[in-house]
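I opened the notebook on a new model today. I wanted the overall fold first, then the charged side chains.

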Amino acid sequence: MDQKQLARVWRRLERFAGEALEPIPRRDSRAWGVEYLRGVMLDGRRKSIQPMAERLGVDHQALSQFVNQSPWEYGEVRARLARRVVVDSIRPC
């Protein structure tokens, strides 16, 4: 997915991220979570933070800290994602 394609789905991504990342207590951490999701969706090397940050035009150290060192509990975020997968899988097309 390129930047133009991502722009078309941006509102849906923001809504999804807002729901999924809501348990993260710090607003700045939630914002880095949204950036990470954007980076994962864009074309390019997905598992390497520095190239992802370059594509996004953001600070690679801050993005890396969100992924590797953030002190927030991930359990509730994972539970929300799991519930979303189940709900979406049983919805009729």
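I began with contacts: of those with a separation of 6 or more, 53% are between residues 24 or more positions apart. I note that this is a predicted model. I then listed the elements and found 6 helices and 0 strands. From the N terminus the order reads α-α-α-α-α-α. I fitted a box to the C-alpha atoms along the principal axes and got roughly 40 × 35 × 20 Å.

Next I checked burial and surface. Of the 93 residues, 26% are buried. The accessible surface is about 6800 Å², with 51% belonging to carbon and sulfur atoms.

Then I turned to charge. I found 18 positive and 12 negative side chains, the centres of the two sets lying 4 Å apart. My search of the whole structure gave 6 salt bridges.

I looked up Glu 19 with Arg 84: their closest N and O atoms are 3.3 Å apart. This pair links distant parts of the chain, with Glu 19 in helix 2 (residues 10–21) and Arg 84 in helix 6 (residues 75–90), 65 residues apart. Glu 19 is partly exposed at 42% relative accessible area, and Arg 84 is partly exposed at 29%.

Which residues does Glu 76 bridge to? One partner is Arg 80, with closest N and O atoms 3.3 Å apart. Both lie in helix 6, 4 residues apart, about one turn of the helix. Another is Arg 83, at 3.1 Å between the closest N and O atoms. Shared partners join Glu 22, Glu 76, Arg 80 and Arg 83 into one network of salt bridges. I logged relative accessibility too: Glu 76 is partly exposed at 36%, Arg 80 at 25% and Arg 83 at 46%.

Methods. Residues numbered from 1 in each chain as written. Predicted model: local features only at pLDDT ≥ 70, side-chain atom pairs only at ≥ 80, totals over all residues. Heavy atoms only, no water. Helix = DSSP H or I, 4+ residues; strand = E, 2+ residues; numbered from the N terminus. Buried < 20%, exposed > 50% of the residue type's maximum accessible area, 1.4 Å probe, protein only. Contact = heavy atoms within 4.5 Å. Areas by Shrake-Rupley, 256 points an atom, 1.4 Å probe, with all protein chains shown as cover. Lys, Arg positive; Asp, Glu negative; His and termini not counted. Charge placed at Lys NZ, Arg CZ, Asp CG, Glu CD. Salt bridge = Lys/Arg side-chain N within 4 Å of Asp/Glu carboxyl O.
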